There are 2 protein chains.
Amino acid sequence: MNLDNNYLQLHLDFYKNQLLSDTIPFWFPKSVDEEYGGYLFMRDADGALIDDDKAVWIQGRAIWLLATLYNTVAQKEEWLEGAKRGVDFLLEHCFDKDGQMFFHVARDGKPIRKRRYFFSETFAVIALAAYAKATGDEGIANKARSIFGKCIAYATGEIKLPSKFEDTRPSRGIGVPMIMMNTAQQLRETIGDPRCDLWIEKWMNQIETFFVKDDIRCVMEQVSLDGSIIDHIDGRTLNPGHAIEGAWFILHEAKYRNNDKHLLELGCKMLDYMWERGWDEQYGGILYFRDVYNNPVQEYWQDLKFWWPQNEAIIATLLAYTMTGDKKYKRWHEQIHKYAYSHFHDKENGEWFGYLHRDGKIAQTAKGNLFKGPFHLPRQEWYCMQLLNDIII
Amino acid sequence: MNLDNNYLQLHLDFYKNQLLSDTIPFWFPKSVDEEYGGYLFMRDADGALIDDDKAVWIQGRAIWLLATLYNTVAQKEEWLEGAKRGVDFLLEHCFDKDGQMFFHVARDGKPIRKRRYFFSETFAVIALAAYAKATGDEGIANKARSIFGKCIAYATGEIKLPSKFEDTRPSRGIGVPMIMMNTAQQLRETIGDPRCDLWIEKWMNQIETFFVKDDIRCVMEQVSLDGSIIDHIDGRTLNPGHAIEGAWFILHEAKYRNNDKHLLELGCKMLDYMWERGWDEQYGGILYFRDVYNNPVQEYWQDLKFWWPQNEAIIATLLAYTMTGDKKYKRWHEQIHKYAYSHFHDKENGEWFGYLHRDGKIAQTAKGNLFKGPFHLPRQEWYCMQLLNDIII
């Protein structure tokens, strides 16, 4: 395949440098809570703490990050020790008596809020799996596998969680098969689990069968149980950044399976469809929500630029380019990379702002809150660095 | 008192004309659902239906509006008949078997979503009370009183609704005493209820005691049970438009009590504090959220301009001006009135857009959705028209 090696080398150096000299130092070591364990991530642009509460998703994601850096980049004691502080807090404070995990806890671990879905659990799986790989701790590995089993039971409906909605208009979201397939991919690539391959196949199949609409070139976020479009405001709402994240999970699987042709095509068309719908031709960047028929979207932040859809699009376009050699993907990667690093990156304090207005002006300055912490950005920089490292060497 | 009668007459004419020749005709009669009853309010800028679902809050609010126009403006059959179509739908489809109301139903009334609070109920009370006044129907009047009793039981905790939060950090919100005091005011002024005066007193007392902070010139949205500030992101988040709505509920009560001096001062200072925090000096208009200590706000739409805070500020400033003669309030009224009607009003199709970017550009075009319908704008135009009518005559 004819790839632009210069371009790839340039970006390898850039992502590595950003990750290790800019993004990670913004968060660590200062965010490790030496008093209670876990991490203090709710910070303003300059790193000042604006809240000492802990978002359970982000505690898990940060353990994953530190353990993954230890497993794949360098065996730094600081990273392993940091991951351990998170694991201890997660296991001690983030599970309710009924086994379900909390969503939001106080600094000392007292519970603030539990939610009606199980994404705290999926991030706990990838956290504990990466940490078990780093330490060889079989107890932690089994804990990861056991929570993964519980996630499968939630995902299939074998264990029922309370529902936000009545039974009138049953639907399925792309979030569950997407997050579950990525959780299984992580589990497989760290400590392994015999269930992973089969379930990844099933979830990819769900995504392709129910959510990918070739006739209208679209990846839906939510559909009826049979995959038909629910023609109401919520049912019509697309999340291009999320679908593009799904696209690279599929491309990653294609790569794992020796460039499986069908999966490569599936991932590429998901990216194509949602780039067309998500890329803002006027100002650049990926928009948050779109309506499938271009009606007004109800969610108020629909045309803000959030940090994470840009991260997912950087990964997806680079992966698509390196797997296909198609110059369109190189062009898209260049566009989104330039847009994102020139608008989101905080040159003064490091890391990225999270929320821009549509026109690229900063809407608010927090680097961390209940929903933002060290995950999408460092994962993107790490993933792209690893990808390019493998190709160039 | 020395009021600018020219100014008042000009605005009386303006609000009356807007209400009757612009706002109401946008919604009626086309929104009355002749097939299933209730109203079809989810409409784009030009009136095109974008969703045929029904938001229960807004069904109730529209009944209130139509019955109130019939009671106070003109005894048009169309308004009474329209209110009846809503009342029938509300009573037949919007209550669950356990007596709690739904939040969101399908066009045919099948339930989509129930929520863990009781604002569908408070709007049902004002709807049924206004309709009972219009028709003299004692059965409906008793239904309104009975739901009001249930709201009191929810508000006091005598009937417990499921909670979103664990017990670690108990809090109280200004929403419940505010909405309950206004519900009681409406009930008192339509069909009457012996419980109203006492409860209005109690709820005003709660607002003053727990939420109004003279030392920092602020009205909090949420506080600890003892009224102290919860120094976490959510606890610090202010909603200036909401507090300004509370201010005019208090001013309205002051007026009802023969310009009660203490209440007049309380309402004025609530308006003063939150105008200072909410008015956007740079672009004009009332911002959605602010942090009490000027930290970043987490809610993504924090600096958008929504329609309804402007409506509430127009009422509050006009009421404060007419009750005090203070030229500051006339100036503020002029500012917000000019900003709002020049930025939100849709000169082509009538009614207002709902959502502007901070800089005043339209963020999305829907006139109605799950949260917007014919309420804040027509209530403002109606309230100001009635207020000025009483003063000028």
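Student: What volume does the largest cavity have?
Tutor: About 70 Å³. This is a predicted model, and the volume is computed from it.

Student: What makes it a cavity and not a pocket?
Tutor: A 1.4 Å probe fits in a cavity but cannot get out, whereas a pocket is an open set. The rule counts 4 cavities of 30 Å³ or more.

Student: Which residues line the largest cavity?
Tutor: The lining residues are in chain B, including B:Phe123, B:Asn182, B:Glu245 and B:Arg379. Helix H4 (119–135), helix H6 (175–190) and helix H9 (240–256) of chain B each give two or more residues to that lining.

Student: How does the lining of the largest cavity divide by class?
Tutor: There are 5 nonpolar, 3 polar and 3 charged residues. B:Glu245 is in the lining, and Glu counts as charged.

Student: Why is the pair B:Glu253 and B:Arg188 called a salt bridge?
Tutor: The N to O distance is 2.9 Å. The cut-off is 4 Å, between a nitrogen of Lys or Arg and a carboxyl oxygen of Asp or Glu. Therefore the pair qualifies. Side chains of opposite charge can pair when their charged atoms come close.

Student: Where do the two partners, B:Glu253 and B:Arg188, sit?
Tutor: B:Glu253 is in helix H9 of chain B and B:Arg188 is in helix H6 of chain B. They are 65 residues apart, so the pair links distant parts of the chain. Over all chains, the structure holds 62 salt bridges.

Student: How do you know that A:Asp53 and B:Arg169 form a salt bridge?
Tutor: Their side chains meet at 2.7 Å, N to O. Across the interface of chain B and chain A the rule finds 2 salt bridges. It also finds 22 residue pairs in polar contact there, both residues at pLDDT 80 or more.

Student: Which element gives the largest share of the side of chain B that touches chain A?
Tutor: E5(B), with 3 residues. By class, that side of chain B has 19 nonpolar, 9 polar and 14 charged residues.

Student: How much area do chain B and chain A bury between them?
Tutor: About 3800 Å², 53% of it on carbon and sulfur atoms. B:Glu166, B:Pro296 and B:Tyr300 supply 18% of the area that chain B buries against chain A, more than any other three residues. The contact takes 42 residues from each of chain B and chain A.

Definitions and conventions: Residues numbered from 1 in each chain as written. Chains lettered and ligands numbered in written order. Heavy atoms only, no water. Contact = heavy atoms within 4.5 Å. Buried area = accessible area lost by both parts, 1.4 Å probe. Polar contact = N/O pair within 3.5 Å; in protein donor to acceptor, adjacent residues only side chain to side chain. Helix = DSSP H or I, 4+ residues; strand = E, 2+ residues; numbered from the N terminus. 1 Å grid on protein atoms, 1.4 Å probe; cavity = no way out; pocket = protein on both sides within 12 Å on 5 of 7 lines; lining within 4 Å. Points joined across faces, edges and corners; volume = space filled by probe spheres on them.
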